[in-house]
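Hi,

Here is the structure I said I would pass on to you.

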Amino acid sequence: MGGSAAETGYCPRVSPGRRCTRPACACAATATLTYVYSDQTAVLGPLAVYAEPHCYDLCAAHAQRLTAPRGWEVVRLVPDPATLGPSSDDLEALADAVREAARPRPLAPVGPDPVEIGRRGHLRVLRATDA
Ligand SMILES: [Zn+2]
């Protein structure tokens, strides 16, 4: 290991209000780590507006070195600073994709619409159309 991020001068102290939550690290937080215990997933995203339970602010250096507990998955919503250059559109597109995936899908139609061929009381006798 050797030296905290603060000692290396890696991270600028751009946000005096929010600090990295790692012990002995005084760098400004640039990302928020959220543990989703139900999914065993650690989500590293942009700095959260509000401090929430299971959320930990991290500086750039600690966010980069983040490792998940054994059996956990790490989802990074923050671009690697080394490959910086994405627009906010990329993040929005990603967020949209996540929302799209989470949205419940309507039931898929099964074949062509059945054709009503008769009624018996309150029951309808249906036959599928020949495609
Ligand atoms: Zn840190």
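Below is what I found in it, going from the whole chain down to single residues.

First, some ground rules. This is a predicted model, so to speak: local features need pLDDT of at least 70 and side-chain atom pairs count only at pLDDT 80 or more, while totals for chains, interfaces and linings use all residues. Residues are numbered from 1 along each chain as its sequence is written, and side-chain values use heavy atoms, with hydrogens and water left out.

**The whole chain**

The chain has three helices and six strands. Helices here are DSSP runs of H or I with at least four residues, strands are runs of E with at least two, and both are numbered from the N terminus.

Of the 131 residues, 21% count as buried. Buried means under 20% relative accessible area, exposed means over 50%, and partly exposed is in between (1.4 Å probe, protein chains only). The chain exposes about 9,800 Å², and carbon and sulfur atoms supply 56% of that area. Accessible areas come from the Shrake-Rupley method with a 1.4 Å probe, and for residues only the protein chains shown count as cover.

What share of the contacts with a separation of 6 or more comes from residues 24 or more positions apart? The share is 43%, where a contact means heavy atoms within 4.5 Å.

Now find the open sheet of four strands, which has the order 3-1-2-4 and mixed pairing. Strand 3 (55–58) and strand 4 (73–76) stand at the edges with a single partner strand each, so one side of each has no neighbour in the sheet. From one strand to the next, the twist averages 20°; for such angles, axes are lines fitted to C-alpha atoms (for helices over the stretch in contact), and the angles run from 0 to 180 degrees between N-to-C directions.

Two strands count as paired if DSSP finds at least two bridges between them. Strand 1 (residues 31–36) and strand 3 run antiparallel and are joined by four bridges. In that pairing, threonine 32 has aspartate 57 of strand 3 as its bridge partner.

Strand 1 also pairs with strand 2 (residues 41–46), in the antiparallel sense and over six bridges. Here valine 36 stands opposite threonine 41 in strand 2. The hairpin of strand 1 and strand 2 has four residues between the strands. At 40% relative accessibility, glutamine 40 counts as partly exposed.

**The salt bridge**

How many salt bridges are there? The count comes to one, with a salt bridge taken as a side-chain nitrogen of Lys or Arg within 4 Å of a carboxyl oxygen of Asp or Glu. The partners are arginine 18 and aspartate 57, whose closest N and O atoms are 2.7 Å apart. This pair links distant parts of the chain: arginine 18 is in the loop between helix 1 (5–8) and strand 1, aspartate 57 is in strand 3, and they are 39 residues apart. Arginine 18 is partly exposed at 21% relative accessible area, whereas aspartate 57 is buried at 11%.

**Alanines and cysteines**

Back in the loop between helix 1 and strand 1, look at alanine 24. Alanine 24 has a positive phi of about 65° although it is not a glycine, and it is exposed, with a relative accessible area of 74%. Alanine 29 lies in the loop between helix 1 and strand 1 too, but it is buried at 3% relative accessibility. The C-alpha atoms of alanine 29 and alanine 48 are 9.9 Å apart, with 19 residues of separation along the chain.

As for cysteines, cysteine 25 is buried at 9% relative accessible area, and cysteine 55 is buried at 16%. A search of the whole structure finds zero disulfides, a disulfide being a pair of cysteine sulfur atoms within 2.5 Å.
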